[in-house]
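Dear colleague,

I am handing over the structure below, and after it you will find notes on what turned up when it was examined.

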Amino acid sequence: MDEEIAWAGKWITAKRRGKWEYVSRARNIRAAVIVAIDDEDHVLLVDQYRVPLGKRCLELPAGLIGDEAGRENDSPFEAARRELIEETGYDSAAIEDLGEYHSSPGLVSESFTLVRARGLTKVGEGGGLEDEDIIVHRVPRAGLPAFVAAKRAEGLAIDVKLLLLLSGALLGD
């Protein structure tokens with residue numbers, strides 16, 4: 001079946017293939033998602049306001065790959081390290097590839113590269129770029145279920161990717 005573009009914006013494109021309507025990122029932009037756990041077994045999480053949800057969302061640090069001029073050819077690992085520093089204020093000695101995943105394959109074609117950041121060092125305040133309002137949370141992994149429950153009770157949305165940490169299976173626990 002041929003794919004047709006129903007609408008195209010700067011960041012996303014709405015497409016149709018047969019009876020299916022779905023969304024993709026424009027210009028082959030991809031995403032990197034970071035599981036950052038320090039040497040004291042604390043995980044770095046962020047929360048920020050998400051317009052589509054109309055509220056703040058608790059998430060793993062993440063960012064787009066190829067969305068900035070001059071960075072179209074960045075690897076997921078370069079982008080992950082840059083985003084980790086921008087969002088959390090932590091740099092990492094090593095980035096480990098955990099694979100490519102699709103978050104909502106019935107609605108969006110976007111995939112993300114999941115990485116684990118090791119050897120974390122605090123190098124700044126984090127909080128994102130000046131137009132972002134990112135709050136950084138350093139949470140003991142053992143207390144993560146209670147922390148997530150508390151944030152949900154406060155009214156925050158919870159990103160589905162946090163299930164990776166709640167299950168522990170991906171990290172070999």
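A nonpolar core is taken here as a set of buried Ala, Val, Leu, Ile, Met, Phe, Trp, Tyr and Cys residues joined through side-chain atoms within 4.5 Å, where buried means under 20% relative accessible area, exposed over 50% and partly exposed in between (1.4 Å probe, protein chains only). The model is predicted, so local features need pLDDT of at least 70 and side-chain atom pairs count only at pLDDT 80 or more, while totals for chains, interfaces and linings use all residues. Residues are numbered from 1 along each chain as its sequence is written, and side-chain values use heavy atoms, with hydrogens and water left out.

The largest nonpolar core has 20 residues, of which V43, L45, L58, L60, L144, L162 and L165 touch the most other members. Apart from that core lies another of 12 residues, including A32, A79, A80 and L120.

Turning to charged pairs, the count comes to 16 salt bridges, each being a side-chain nitrogen of Lys or Arg within 4 Å of a carboxyl oxygen of Asp or Glu. D47 pairs with R56, their closest N and O atoms lying 2.5 Å apart, and D47 counts as buried because its relative accessibility is 3%. R82 and D74 form another salt bridge, at 2.6 Å from N to O, and both of these residues are buried. E3 and R17 also meet, at 2.8 Å from N to O, and E3, with 37% relative accessibility, counts as partly exposed. Salt bridges link E3, K15 and R17 in a network.

Best regards
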